[in-house]
Amino acid sequence: MLRMGFAPQTTLSLRCEGDGMRRREREIQDLGEIEGIIRKALVCRLGLAADNRPYVVPLCFGYRDRTLYVHSATEGRKVEMVRENPHVCVEFDVDQEVLPAREPCSWSMRYRSAIAFGTATVVEDPAEKRRALDLIIAHYGGGASSGYPDRMVENILVIKIEMEHMTGKQANY
Ligand SMILES: Cc1cc2nc3c(=O)[nH]c(=O)nc-3n(C[C@H](O)[C@H](O)[C@H](O)COP(=O)(O)OP(=O)(O)OC[C@H]3O[C@@H](n4cnc5c(N)ncnc54)[C@H](O)[C@@H]3O)c2cc1C
């Protein structure tokens, strides 16, 4: 599997590993384009694994500089799993459209999607939590706020996912 990776602190440098996507003509190579998919996506699907059991959960998110933030209640299955195993995978997809055809086997789907692999940590610093909440709100069109009460910030859990590599794919686009 080809992976486009980057050193977390660098800009858009790409690193290739492995043999590449099976449908190579569908692969999106440009990191800016992949980030465009992430910025456009309404929801991310966070994939977790613990005790050899997978779990996928849809979440709202904010994104900047190869870092994803999600917010959550302080307890629950995903939080337990992140604490047990920080290695995560996140999927995003946009521009979905069913493309009907005369022949059943010719039906297709238009889409652009991104998959990122990374490491998740629970954010403890209240200032970073506030910045993460601003990023999440910004993703949905809201403006930055200084109005998060301390108690709310204490009671909310923010998960930070530092992306180590990501791939992009498109079909019929
Ligand atoms: C579009 C969208 C956006 C969302 N945004 C957020 C967000 O920003 N923050 C947030 O915390 N939550 C969000 N949710 C809800 C989220 O998907 C989870 O339900 C929630 O975070 C609780 O997850 P948990 O692992 O703590 O589940 P728990 O409360 O611990 O429940 C565990 C079990 O409930 C079931 N379950 C949990 N979530 C779902 C689900 N979504 N659908 C079906 N079954 C489920 C699973 O079988 C799981 O094993 C969003 C959901 C959707 C659909």
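Good morning. Two remarks on conventions come first. Residues are numbered from 1 along each chain as its sequence is written. Because the model is predicted, local features need pLDDT of at least 70, side-chain atom pairs count only at pLDDT 80 or more, and totals for chains, interfaces and linings use all residues.

The protein has four helices and 10 strands; helices (H or I, at least four residues) and strands (E, at least two) are DSSP runs, numbered from the N terminus. Their order from the N terminus is β-β-β-α-β-β-β-β-α-β-β-α-α-β. Of the 173 residues, 24% count as buried, that is, with 20 or more other C-beta atoms within 10 Å of their own, the C-beta atoms being placed from the backbone.

Let us turn to the core. A nonpolar core is a set of buried Ala, Val, Leu, Ile, Met, Phe, Trp, Tyr and Cys residues joined through C-beta atoms within 7 Å. The largest one has 29 residues, and Leu68 and Val90 have the most contacts inside it. Strand 10 gives the most to this core, namely five residues. Beyond its neighbours within four places in sequence, Leu68 is in contact (C-beta atoms, placed from the backbone, within 7 Å) with Cys44, Phe61, Tyr63, Val90, Ile161 and Met163.

Which residues of helix 3 are buried? They are Lys129, Arg130, Ala132, Leu133, Ile136 and His139. The buried residues of this helix pack against strand 6 (62-64), strand 7, strand 9, helix 4 (150-155) and strand 10. Just after helix 3, Gly141 takes a positive phi of about 95°.

Next, the strands, which pair if DSSP finds at least two bridges between them. Strand 8 and strand 9 run antiparallel, joined by 11 bridges, and Cys89 stands opposite Phe117 in strand 9. Strand 9 and strand 10 also run antiparallel, with 13 bridges; there, Ile115 has Thr167 of strand 10 as its bridge partner.

The residues around it, with a C-beta atom, placed from the backbone, within 6 Å, include Val43, Val57, His71, Ser72, Arg77 and Lys78. Strand 5 (53-59), strand 7 (67-72) and helix 2 (77-84) each give two or more residues to this shell. Its residues divide into seven nonpolar, three polar and two charged; Ala, Val, Leu, Ile, Met, Phe, Trp, Tyr, Cys and Pro count as nonpolar, Asp, Glu, Lys and Arg as charged, and the others, Gly among them, as polar.

Definitions and conventions: A residue is buried if 20 or more other C-beta atoms lie within 10 Å of its own, exposed if 12 or fewer, and partly exposed in between; C-beta atoms are placed from the backbone. Two residues are in contact if their C-beta atoms, placed from the backbone, lie within 7 Å.
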